[in-house]
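Me: I have a protein model open and would like to learn how to read it. Can you take me through some features, one at a time?

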Amino acid sequence: MKSALKSSIVASSALLALAWSGAARAQVARDGVAAGEARSADPAAPPAVEIQQDIIVTAQKRSENVQEVPIAVTVVSADQLARRGVQNIQDLSQASASLEFTSPGAAPGGGAFVRGIGTNQVGNATAASSVAVVLDGVVLGNANISDLFDIERVEVLKGPQGTLFGSSVSAGVLNITTKAPQIGETSAYVSSEFAIRGLGAQYSRSALRGALNLPINDTSALRLSGYFYNNNGVSVDRSTGNATDQTNFGFRGRYRWEIGDTLTFNLIGDYNHSQSNNGSGFIWRAAPAGSLLAQALDACGITPGPDNIDNCAGFPNTSSSEIGGVSAQFDLKLGTTTLTSISSYRAVGQTNFADIISINPAIARQYLQNCDFVVCNPVVSLTSGAPGDPERTSRSLITQELRLASDQNHRFEWVVGGYFQRATFDNKQRGVLIAHPSFLGMDITLADAVKLSRSDAEDYAAFGNVTVYLGDATRVIAGARFTHSRVAEHISDPINAGVPDTFYARTTADALTWRAGVQHDFSRGTMVYATVSTGYKAPQISDALSPTARFLTPIKAERPISFEIGVKQTLIPNRLYAAFDGFYTKARNFQTQSCVSAPTGILCSNITVPKVISKGLEFEVFGRLLEHTTVNLSGIFNDAKYPAGFKGADFSDLAGQQLNYAPRLKATVSVEQAIPLTDRYTLLVGGDATTRAKQSMYLSANPKYVVPSQTLLNARVSLKAGDTWSAALFARNLTNRIYPVQIYPSDAFAQGGLWQLIDPNSRRVVGFQFDAHF
């Protein structure tokens, strides 16, 4: 009933918006063009017959045509985001072959991997991502957004970007640009979506997004945008019948003021809230046949396996988070140069109350009480948090960037600047471990204590980059950045350490990262480039304590170097473009994590791999293949291996094994065909596919942690009335492929068991979408 009511509200809003859009039109024609997708100046004209516009990116801290930038980059436009059904950052893996994700909760900064290089670290206070999320020029660090709404474009920059973007970019950058306010324009849009089980959806979904652009006066404008969605029933607790329920909402305000002819001011504030009830926790992927674990799961109605998506939590498993921030940007024109200042503050607050064991306590008491403490343990529950005392986490991030850049004069272009950031982390986690051994016949509390951790980290940097034109066709690129990092952590962990003492560690590092290269235009439509780039990820502190290891260990900074050769080619003038590149990346002190099952949960230690090498080939094709046919293709062959002598978390030999979250082959394709029906109406038929080779999701050579190769398919049919409204029938994950984002062993509780984590992309969703512009 609750889900149906939400769907009805969203549907009613959509129908109201459609009725309004039929009578109301924008006062001034929109002049913003989403990257890679042109809009007609005439609302009645079919949009797909337009000439492909230049795709403008800011990968080098200035606005440039993507085909002129000597960087491997995938650009995902606003229209592509809508076509593919991209709702959050993790969905971007379906738009870029080089991009993969682990579970956001199992990694800092969103959990992205580019070309197999990324960060998979659970619960560490000082870990940073190898792939930075940058929103409107602000590096978000571990205070990043998850949901994407009112977006102009996303740039996936591949390879180290340490010269211009900082310390957490040793693998790449997700550079996100939101839609800017348009001065002198009153306009709005609303987009709604709801999934219908009767059409084949595996869970219920309701979503609403919208934006309003308001002129304040002749020199300023305000843009307000927001979103809401609810996913219900992605997983069901078979012991209680409770379905997982996730609700997210948020808003953004962006104010733009052109103060005279030389000064522009942008002020942006955002707030995002997420609430999850009856969370699935760990989902059982495997249990030895006939074991007490298998019997307990059978009593719950669970058949463990790769295709299992239901759980046996028997526990409320609630979590909530609030993420928000504000940024202010000034751009001052000083003759032939521009001075830019970007200041930001972001904060995160999270609470969590969950049982890690993921077996209903009543069932655990009955079936696990006879465990022999070897093959399995008679654990009833292991909770993070307690009733009235949930786990609490807070983060904050302050950044300041100041840079001076020359105009694009096609002779000698440069940018110099300085950067500062300070990040803090505080966590309070009460852990309660309850067992029920048969020889006692009652519950006993084996552990009940509070873990406290606090960290802070600072970066100071100075950077510069130049492009020198050697005639009309050849450019030389050079840049460097010096960064000083400091990281410190305090932690008290009585359960794992066995003592209530507080432990402390501090470490620092300096890095000089640089970039050099050359690019040459062989013709108006052919550009070739070759670059060498270095990157840097700040040091961190391994904070896994035990009775025999009561100390914190500093972890060295990650330092990659990457060689890249690429070609950017116009295939059909003003319509179809391509990019090809080959890369070779060697990362020294590759930061990762070794996680094992322990009586206190998943115990993870930060470690470094002395050297990993990722090398391969990539391609992109995008634009209009035919007059009414839009295509976006991307692919990668990636040979990314662990070195000789490196051992996994289970001491298996990983030498020569493919890196985790690095499928050797992956490709994405999106095609949309426009069929003009009349001067006003156009039928759009589209489909997407993402296919990836097998990949491992745990630090082990054991094949049970390898997810087989899979292909995910999406389809969409829509009717569009110029630029006023559209209605669509969509299906995502048509074949209902279950694809986990994380796998862990459960050996400390039950040998041979496996847990997996899934997200909504692992379930088929079918429904309707309505968009209106006015």
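**Reading the contacts**

Reply: Start with a charge over a ring. The charged end of Arg205 lies over the ring of Tyr229, 4.9 Å from the ring centre. Keep in mind that this is a predicted model.

Me: Which ring does the charged end of Arg115 sit over?

Reply: That of Phe583. Here the charged end is 4.2 Å from the ring centre.

Me: Now disulfides. How many does the structure hold?

Reply: Look for two cysteine sulfur atoms within 2.5 Å of each other. By this rule there are 2 disulfides. One joins Cys300 and Cys312, with the sulfur atoms 2.2 Å apart.

Me: Which parts does the pair of Cys300 and Cys312 tie together?

Reply: Find Cys300 in helix α4, residues 292-300. Then find Cys312 in the loop between α4 and β17 (318-334). The pair therefore links parts that are 12 residues apart in sequence.

Me: Are Cys300 and Cys312 buried or exposed?

Reply: Check the relative accessible area against the cut-off: under 20% is buried. Cys300 has 4%, so it counts as buried. Cys312 has 0%, so it is buried too.

Me: What is the handedness of the link between Cys300 and Cys312?

Reply: Read the angle about the S-S bond. For Cys300 and Cys312 it is 120°, and the link is right-handed.

Me: And what about the disulfide of Cys371 and Cys376?

Reply: Its S to S distance is 2.0 Å. The torsion about the S-S bond is about -105°, so this disulfide is left-handed. Cys371 is buried at 6% relative accessibility. Cys376 is buried as well, with a relative accessible area of 6%.

Me: Where do Phe113 and Tyr661 lie?

Reply: Phe113 is in strand β5, residues 112-114. Tyr661 is in the loop between β31 (629-641) and β32 (665-676). So the pair ties together parts that are 548 residues apart in sequence. Phe113 is buried, at 4% relative accessibility. Tyr661 is buried, at 1%.

Me: What kind of pair do Tyr698 and Tyr705 form?

Reply: A tilted one, with 40° between the planes. The centres are 4.5 Å apart. Tyr698 is buried, with a relative accessible area of 6%. Tyr705 is buried, with 4%.

Me: Which residues form an aromatic cluster with Trp284?

Reply: Select Phe282, Tyr744, Phe749 and Trp755 along with Trp284. Together they form one aromatic cluster.

Me: Last, pockets. What is the volume of the second largest pocket?

Reply: About 640 Å³. After the volume, look at the lining. Here 29 residues line the pocket. Asn65, Gln67, Glu68, Asp521 and Arg524 lie nearest its centre.

Me: Which strands supply at least two residues each of that lining?

Reply: They are β2 (64-65), β22 (444-469), β23 (474-492), β24 (502-523), β25 (526-534) and β28 (559-572).

Me: How do the lining residues of this pocket divide?

Reply: Sort them by type. The lining has 6 nonpolar, 14 polar and 9 charged residues.

Definitions and conventions
Residues numbered from 1 in each chain as written. Predicted model: local features only at pLDDT ≥ 70, side-chain atom pairs only at ≥ 80, totals over all residues. Heavy atoms only, no water. Helix = DSSP H or I, 4+ residues; strand = E, 2+ residues; numbered from the N terminus. Buried < 20%, exposed > 50% of the residue type's maximum accessible area, 1.4 Å probe, protein only. Phe/Tyr/Trp six-rings, centres within 6.5 Å; stacked < 30°, edge-to-face > 60°. Lys NZ or Arg CZ within 6 Å of the ring centre and 35° of its normal. 1 Å grid on protein atoms, 1.4 Å probe; cavity = no way out; pocket = protein on both sides within 12 Å on 5 of 7 lines; lining within 4 Å. Points joined across faces, edges and corners; volume = space filled by probe spheres on them. Nonpolar A, V, L, I, M, F, W, Y, C, P; charged D, E, K, R; others polar.
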